[in-house]
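I opened my notebook to look at how two parts of one chain meet. Here is what I looked up, entry by entry.

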Amino acid sequence: MPALLQTTPVVLGPEILFVDAFDSFTNNIIGLLEQCLHAHVTIVRIDDHEIGAQFPQYLRSFDAVIIGPGPGHPGNRQDVGLINKLWTLQESDILPIFGICLGFQSMCLAHGASMLRLPHPRHGIVSKISHGSTDIFANIGTFYATQYHSLHVDLGDVMPIGMPSTKCPSLIPLAWDLTDVSNGPILMGAKHVSKPFWGVQFHPESICTSKEAVQMISNWWTHAKAWSKMHQRLAVPENKDGACRLASSRRASSGGMHGLENHVAGLLHAMHGSIGTSKPLLRWAKHQHQSPSITPVALCEALGLHRDEVVVLDSQGHSFGRYSIIGIVIPGQTLKVTYKSWDRTLRYGTGSGDQATVQLDSIDQVWPILQTALDAYNPNQARSRPQTPESSDSTQERGMDTLVEGHPPQECPFWGGFMGYISYEAGLETIRVDLHESCAKTQIPDVNFAFVHRSIVIDHHTGSTYVQSLSPNDWGWILEAGRTIDALVYHTEVQHSSSLDQHELERRLKLATIKKPTEWAYRRKVLQCQDSLAVGDSYELCLTDETILSIPKLDSKPLDAWSLYKKLRRRNPAPFGAFLRLSSAVIVGSSPERFLRWDRAGHCQLRPIKGTVKKGPYMTREKAHAILNTSKERAENLMIVDLIRHDLSSVVGAENCKVSKLMTVEEYETVYQLVSVIEGQLPHDSEATGLDVLKASLPPGSMTGAPKKRSCEILRDLEKRPRGIYAGVLGYLDIGGAGDFSVVIRTTERLSAGRDIETWRISAGGAVTIQSTDQGEFLEMETKAESALSAFI
């Protein structure tokens, strides 16, 4: 008789509704719930009026509610929205609720407590939590937690754990922070006497909160289940239309395509016309030369590329850099794609009179267009394409095609694709932040890419140089570029930029007028930022300002941007240097900060920098370490790490997201900086791509603050100007599925090129926290601006 098949019963996790107050840590909390409880989490926004109108009925579909953190005051209706409806539910509609930060404050305020400002707000501060090892803190020992709050709950008295106060008899204290001498005791946890309501002031999901937070959430769910069983409450599956699940992101190429099919077809046709092929085939040659003469600057000058449109991503020989990439823009052939957020206009064409203009509904429609174009030319994917006969000028070239077909250089990070940038304002549009009215005057595109089919990639670690083309009949160029590389290695005479160009540059720069931010104005804005932090509207605000340089033209000639780049490269080398001349934009940059990189296997990495110390004769590495490990600097970095974990988790899932390096000091040419590394893996069973991670992470958290949306709105109203390319991202989207973008900092851009004068802009700033000083922030902003200004003086 055959043995009976034994099966393990499937235990289904709870259905939990998460009420989101537009916070930037939401997905981290969802990941914690999934880890602890195997919960299925549905998210509803606090301003969802459709669900709010039928809230009691909607809640019957869920086992419990989590109210998340967020900016603002629990007493302001617009800051809490439908959260207030939870505290006025009829007895028959009540269900277990757990509030975090704003959710906790709202619970306490609704049940008799007062809300007071902390004399010294707690943003990104980690402290020991005192608890009685009871209720949700059962079986938990020493516990440290991260706090992000400017307000605190006042019960009237500091009562022992488990004992309600006279003023708030409905609330039982569960935990306190007794470590803060300046603020005094701060309530960290409480529960309702009779209703299934719990809450904590701290953030259990933060990377620096003790791992025992998992036990705390499990304890809460045990109590919640017990209450539901006692009151015979069972969730009834019903229609949940209107809610969204942020943890499952749609693929960039699958959403927002309605009505764009003709334009996508037009873009693909233009690409096909510019490349001249219907079959994606990467033609390439590898040169192995461990020679210091092979640099992107030397190659650009030897190939005569530095005077034309070009995109150069230059690791500048920095110890943290490895690859340099030259994206060659061929006049009249290379397809260029631009988008302006102010009027939501997409343009594409080769610049030879065939430009198409498309009116979009939003930037959300740009991403699927880009993804579709990349997919169409991915050598690793079979796609239906217009069938046209391949042509070749010689039998030899056809034979060389056969040699490389199906064998692209896997170790090379870029095979061709889009190279360019995405501005800060384009990032604002992705998070639904209205632009400042001054953006209407900007002529430079917010999204600016060239589809590069000729490229050169230098691997500085291995000494390999890859010469590549997606065009048929291009072996002649590949071989000619190879001969130029050989000539550089063996010091054969090649064309190069004259030293006269540098002399001419210096002559022009001496005539420049420099207008810097005034100290009093910047320091006043820092104090205004701190006012917003003090009332709970933000935890951290990355304030910026700009230096404007006006340079007279001589003999009607513009400034030689290439010579300017070479000077900046010498003065301030960094791993993410860049020179871009493309579609009316000119960028000269020396950024130390990677924003986001992903490889063709879907492994993602972000490297936010927060915390800066200027180098000097009296600044030793030991002193820099001591400064960067202070509470202020670590709090800056921690807040951005938690924000980025949220952004990345929205696509890859919290279970596939980790912090591999937390607050490590790195040394650069002019500064020491505090760096963290957050990594993730795109699920293999998901259609999500690296482009999905990119759009979910814009604008860069290290340039906004947290919570991101509210912080960006505050900064827009303080700065009253477009940031433009600064604080955006610059890099590439590879046809093979990889991508790499840096944060645009330590960079100068040309604003305008008038008849007699051209203007350039250098922007800089820093993260304002409640621990900042207005003078210290001004000095930090000046330090950062000087690194790019060094090219002009």
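I began with polar contacts between domain 1 and domain 2, and found eight residue pairs, both residues at pLDDT 80 or more. A polar contact is a pair of N or O atoms within 3.5 Å; within protein, one must be able to donate a hydrogen and the other to accept it, and residues adjacent in sequence count only if both atoms are side-chain atoms.

I then asked which elements of domain 1 touch domain 2. α1 (26–37), β5 (114–128) and β7 (144–154) each give at least two residues to that side. α1 gives the largest share, five residues. Helices (H or I, at least four residues) and strands (E, at least two) are DSSP runs, numbered from the N terminus.

I sorted that side of domain 1 by class: six nonpolar, nine polar and three charged residues. Ala, Val, Leu, Ile, Met, Phe, Trp, Tyr, Cys and Pro count as nonpolar, Asp, Glu, Lys and Arg as charged, and the others, Gly among them, as polar.

A note on method. The model is predicted: local features need pLDDT of at least 70, side-chain atom pairs count only at pLDDT 80 or more, and totals for chains, interfaces and linings use all residues. Residues are numbered from 1 along each chain as its sequence is written, and side-chain values use heavy atoms, with hydrogens and water left out.

I checked the bounds: domain 1 is 7–243 and domain 2 is 603–681, from an automatic or database domain assignment. Their centres, taken over C-alpha atoms, are 29 Å apart.

I looked up contacts (heavy atoms within 4.5 Å). 18 residues of domain 1 are in contact with 16 residues of domain 2.
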